[in-house]
Amino acid sequence: MITDRYSAAERFVDYLADKVAADATGSEKANLSFDPCGLFWLGRLAPAAEIALSAMGERAERLEPCSMGLRVAPNASMGSTVAFEVETEFAIWAKNGQDWTKSEKIACRQIVQLDLSRGSQIELSDEFQRLLPTGSGLSASLKMEVGEDRDGLPELLVTLVNISRPSEQQGHHYARGRFFECSLKIIGLERRDFVLESLPDSFRYDRRVAAWGINCGVAEENGVLKTTDLPRQEKWRPEFWNAPGHDHQTFSFERLSSDPVACGVVLLSALKAWGASAWDLEAIRAQHDDWSEEMFEEAKEEALLFELEIRRIESGIDLLRQNEPLARAFRLMNEAMRISARDGKGGYRYDGWRPFQLGFLYANLESCLGEGAQIADIVWFSTGGGKTETYLGIILTAAFWDRFRGKTTGITAWSRFPLRLLSLQQTQRFANALAAGEIVRRREKIPGDPFGLGFLVGNGATPNEIKKDAAKSRGPWDYEDESMPERLKMLKVCPFCRSENIRMKFNRRVWRLEHQCTNEACDWDKGQPLPIWIVDQEVWRYLPTVVVGTLDKAAGISMQANMRGMVGAPFGFCSKPEHGHTYAIRSGRPHGCLVPDCSVKPVALPIATDLYGVTFRLQDELHLLRDSLGAVDAHYEALYDQLQIELTGKRPKILASSATLSGYQRQTEVLYGREARVFPHPEPRVGEGFWSRDTEKRMRTYLAVAPRGQTIEFAVDRMMISLQSAIRALLADPNAVTTQLGIDPGLADFLVDTYGTDVVYGNTLRDLDAVVRSAETQWGDIPLPEPNVTTLNGRTVFSDVADVLEALERPDPDFSKRLHVVAASSMMSHGVDIDRLNVMTMLGLPLTTAEFIQATARVGRRWPSVVFVLHKIARERDASVYRAFPQYVAQGDRFVEPIPITAKSRRVLERTMPGLAFARILLLHEPRAGRSVAKARALRDYVEATSGFAKDEARAVIDMLGYDDEMATTLAADVSRWYDRFSDNLADPANANEWSNSLGPDGAPMLSLRDVEEQVEIRGEDPH
């Protein structure tokens, strides 16, 4: 009996997969009260004559095949003879009165002797005729056909074909002539492997394929090839350490907070020892006599890059030896990470670094000192490997270092996420780490502001400001609305004590939205709000240590002079306590203080102006910055760089993570104007690296699903019925189910909790809407309680997103009140780290392989998981992936498409030019003007008094965007032309009272980086 949770979970995943397969094929049914064609949707074959007459042509054969089998490569030459056995099985259903009865399996084992001559064929049908009912119109054939590959070697197609020709009456009696539960085996054939031609040769990967399935998958067992209804591929759970003699305590936070150099020496020694063997190219080549010269040259280049990685880590360790303040910052960071890892129950979620994390920290320590900004460092590691904590380690080190060098206030890092869900999920983790850093900072009596967190997201999810206007002008964030603060609660628990006792309050005295911990035992000062700010203006006032949020918010710099604090020094500091930094003068803000009605004059800034500006700009999920979003962001990245250089004299460091390395160098160069560098360097053999290696524990079981004779919507409905019914069976009789599976009954509750919620991942809102509608009308076969279904997509409001995540992470003790099915879009494909999500049904392949990898990584974070990938098999891409599904999963990163992105587009420039121009006006020229230039009259006066304004600004933007080569001549001319036209608009007396930023030739600045296309109003009319 299995008592280990992980082993029990692996067994239960197989049970769920088997239940879906059994219900889809009918293998556990012997009698029905209705036509089986309306229920079973896998493993069936339609009559070939019927499919041949279909108007859909080849698509008809994909949607409901008439044949299935294998394509194999005999290990023989053309002209020779091969002998082997073929075993086929299928069942038929017959109508008896009002009921239907399934036959015993019609099994046929035939010995085949075949001459390997191109075009030769054999069809065997006599044995089937003997086994099938007389007068049924049913007939089957075993067909073998010899082909030839491009090297002149033989290929063999072995298929079971339904050649039935039932009359109307016979079809009515025998399920329209369908065969069910079809299978085929090839036994005793000596064969050679195919090579996966769709991928280039590489020394890292094995491209061999045993056989190709025809309208099915392939499995191999003890030399026997057999068809399978659900092509399968496992992903193995990685172990994040591959050095004998060491364990997770080797790099504990406690040891590193004492002697980080000694730990670094251990890591470096182990890495070198591993590398000496793993990258011994001559030894590797001796094991692979099929290597081409190109593969060997590729391997040599990669080995050199591995040596560079070693030197980077070595340099970081040397820095700790030579720079005591930096070493102290690193030690304190480790103390903070240990505190951050507390689980709130007296224990720790983890107590040290994984080697890859520590290696990254050593390799990037120089960036804390402001060095290496000309290179963008990219983390490429498996999902769930701990990238977020790695970021936090480098950020906290830099935050302590900032305090030591006199930066007692201001932002150290700005972390941007492409999606709202990412930023929301990561907020608590960032808050916990910063709170731990604050505990250490206060204990060490290090001067400066508390380590704090700012939250910046677009799309109206949080307020830009809380207005003190007339009630009708306040919008949804009314300070007199008592429910408003609670709607903006961003923390589930106090980051200092992990208590859930957080009270929300709007403090009118200092005009601040506050998270307050009411736990009397909390380490934080109960008289002060927790150091987290989620209103934009409060972020600008307090400039917290770290700002997290969505990337689209970057566009606000052209409209918000207050964003100056992200790239340089604010104008001053309000002398009134708790009001914070001050910015440009505006109506109602006579001295630039952002607190309404404040008329107090500011004082000097608390630190030198060149200490402001961020040390790091972090970009999570870099691969999502593609197409128009990436092109637009490239312009704004250049803008932020230029502004920070002009205001502080330094360029920030770019750190990023990505799910793919496909085209990463060019993407980084376009986005950031920097050279790209990846950590960790990929290992010579996939799954056998130093930083991680595959174990024998299953992480995800991928199953390809191609519905036969039914729609994909029908298949989803039946799968939900199978999966949810299996969980309810376990709930209803845990002893029976666990006994059947050989699992300790005491693990039943664990299994229900771990596999009781299904994710249906859809690529379109239409697909997801169909799932929700079906839940109401088509899932009646699921035993009580009725399943609770929710959605997570771009239409889900921010507060509902938070509620759904909370319900998933902390399920109700009552199973009937839990969420059972989540219909999710790409919104969920990144950054959702919930251990309870372990069953996914993917409704069609995503448009990109990167999305496939990221979306399926949402399940199996801790426990074994299963992913059913429903293929829209009529589509060419889905059909192509289905044929090579195991290889697609196993070598997924090689199928990832290069990131399409360009910064040199006239269309993109047209959209970004107003924002680039007005950001420079607000942040650079308005301070020189000494007054607000928000109105056209004031800006016109400044421009007229500034010789060569238009020409100089055009030159600055051209240089900023890199339009200095022959290829960009037209774009450079477009920039100059824009400034000429803007100057004309500004000089027009009729525009004197207009807002300055409305006078751009191509419109106003973008409000969001996603505002790429012009909005088109669509109206519908009732035809009646």
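The following dialogue explains how to read several features of a predicted model.

Biologist: In what order do the eight strands of the open sheet stand?

Modeller: In general, strands of a sheet pair through backbone hydrogen bonds, either parallel or antiparallel. Here strands (E, at least two residues) and helices (H or I, at least four) are DSSP runs numbered from the N terminus, and two strands pair if DSSP finds at least two bridges between them. The order is β23-β20-β24-β19-β28-β29-β18-β30, with parallel pairing. Because β23 (532-533) and β30 (675-679) each have a single partner strand, they stand at the edges, and one side of each is left without a neighbour in the sheet.

Biologist: How many bridges join β24 to β19 and to β20?

Modeller: Strand β19 (residues 413-417) is joined to β24 by five bridges, and R416 has G549 as its bridge partner in β24. Strand β20 (residues 453-456) is joined to β24 by four, with G454 opposite V547. Five of the five residues of β24 (residues 546-550) are buried, where buried means under 20% relative accessible area, exposed over 50%, and partly exposed in between (1.4 Å probe, protein chains only).

Biologist: Is D536 buried or exposed, and what does its side chain contact?

Modeller: D536, in helix α15 (residues 536-542), counts as buried at 4% relative accessibility. Its side chain makes a polar contact with the side chain of K553 at 2.7 Å. A polar contact is a pair of N or O atoms within 3.5 Å; within protein, one must be able to donate a hydrogen and the other to accept it, and residues adjacent in sequence count only if both atoms are side-chain atoms.

Biologist: How many disulfides does the structure hold?

Modeller: A disulfide is a covalent bond between the sulfur atoms of two cysteines. With the criterion of a pair of cysteine sulfur atoms within 2.5 Å, the structure holds zero. The sulfur of C216 is 10 Å from the closest cysteine sulfur, in C182, which is too far for a bond. C593 is in no disulfide either, the nearest cysteine sulfur, that of C598, being 3.7 Å away.

Technical notes: Residues numbered from 1 in each chain as written. Predicted model: local features only at pLDDT ≥ 70, side-chain atom pairs only at ≥ 80, totals over all residues. Heavy atoms only, no water.
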